Amino acid sequence: MSARDVIVNLRALAARTSDALGAQRVAWGPVWRDARRWLDGLLAEEGLHPEPDVAGNRWITVPGARPDTVIIGGHLDSVPNGGWLDGPLGVLAGVEALRRFRDRTPPVTLAVVDFADEEGARFSRSLLGSSGASGSLEPERVRSLIDRDGVRLEDALVENGVDVARMPEARWALDQRRPRAYLELHIEQGPVLEAMGRSTGVVIGAYGVERHVLRFVGQAAHSGSTPIAMRRDAFLAAAETALACREIARHYSTPAVGMVCTVGTVSVEPAIATAVPGVCEITLDQRALEADTLQRALADAHEAASRAAAANGVTVTWRHVWRIDPCRFDPRLVDLCAEAVHEATGHAPRLPSGPLHDAVEMARVMPAVMMFARSTNGLSHCKEEDTPEADLEVTIDAFLRLIDKTVAAVATE
Ligand SMILES: [Zn+2]
């Protein structure tokens, strides 16, 4: 087995699918399709061939002595101007695991899945292929999403041979595989492992998300003539809410597991330097690993926004945008992952994932776990995305160990 080969392949894929601004493998587009053709070539050298499912995902299977299947996942798609590791690391580490069974039959079946459109970069809907495979996708809610050029999701998928209405049927095909465990190797995309001085982490789960738009309405007025005490400034109410949400996140964060609140966008009306803002809209994105923490933080944010609105003489209304429950990975697989990471690196730090991953969808169907490789400067979704090669090598080694341990555990079930 060679972690080195995985890195060589990752570099080759990046060279083929990146420009000066970074990786351009946006799902359903020509560069992404070219990345898949490149993978076809790599697999053909090993006598392996991917099979599509109705959700646009591709499966590479090595039949074992038993039909029970250990699944290894990742995605070749990237955000525009993305990095070289987010996604392909999981796929290519999985392919390396399959290569080791060229001359012998594994005790259980192994499958690598290249999920379609994990990023949601074009239509703002993440985990599209994997939610088809898990059956959680509701086609009616996504078919009319449009990209920047006005193209509908439904039409972009047809160009790639995928009928959005049928995507959830991929769950039936997944169930036929007798899925027993799902493993995913990914970069951390954050600064935690690097700050700890560790190469590799055991992922215990993924944050749930509550996302809302808050609209504060006061009264626009002249910035020169309106005394401070007589203003109904919608922006200040929003700003006080944002500061309160930082305190809410601090309040619910423990040394082991943080929670986060982010005000990522702000818009004011009339947006004139000489006018007190009469309207202000902000987005609030809250994430936590425990469902009750997330709900309490949301309730606290409601209270803080009402307080800030009252203090500024404005009103506030909430509009729900999106939510997903927190996901806890399988305790048994988390322990196997910790064993593997400890053997390879001498440590086994456990951490949650802030970003979402296909593993969250697969955890609906079968026991799942993820492993993280550290990210340089915590950066991802940009061309600076990187992991030192020595850390990548030891992490891939740990992941291959995890695959072996999981295969052995499933084989004796
Ligand atoms: Zn990813």
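Helices (H or I, at least four residues) and strands (E, at least two) are DSSP runs, numbered from the N terminus. One of them, strand E14, covers residues 315-324 and holds Val316. This is a predicted model, where local features need pLDDT of at least 70, side-chain atom pairs count only at pLDDT 80 or more, and totals for chains, interfaces and linings use all residues. Residues are numbered from 1 along each chain as its sequence is written, and side-chain values use heavy atoms, leaving out hydrogens and water.

**Around Val316**
- Leaving aside residues up to four places away in sequence, Val316 touches Leu214, Arg215, Phe216, Ala305, Ser306 and Ala309 (contact means heavy atoms within 4.5 Å).
- From Val316 to Arg250 is 66 residues in sequence and 24 Å in space, C-alpha to C-alpha.

**The largest pocket**
- On a 1 Å grid over the protein atoms alone, a pocket is an open set of points where a 1.4 Å probe fits, with protein on both sides within 12 Å along at least five of seven lines; lining residues have an atom within 4 Å of a point.
- The lining of the largest pocket has 40 residues, and Arg125, Ser126, Arg211, Trp322 and Leu356 lie nearest the centre.
- Strand E14 gives the most to this lining, with five residues.

**The second largest pocket**
- Here 21 residues form the lining, with Glu188, Val192, Tyr207, Pro352 and Gly354 nearest the centre.
- Helix H8 (192-196) and strand E16 (350-353) are the elements that each give two or more residues to this lining.
- Strand E16 supplies the largest share, four residues.
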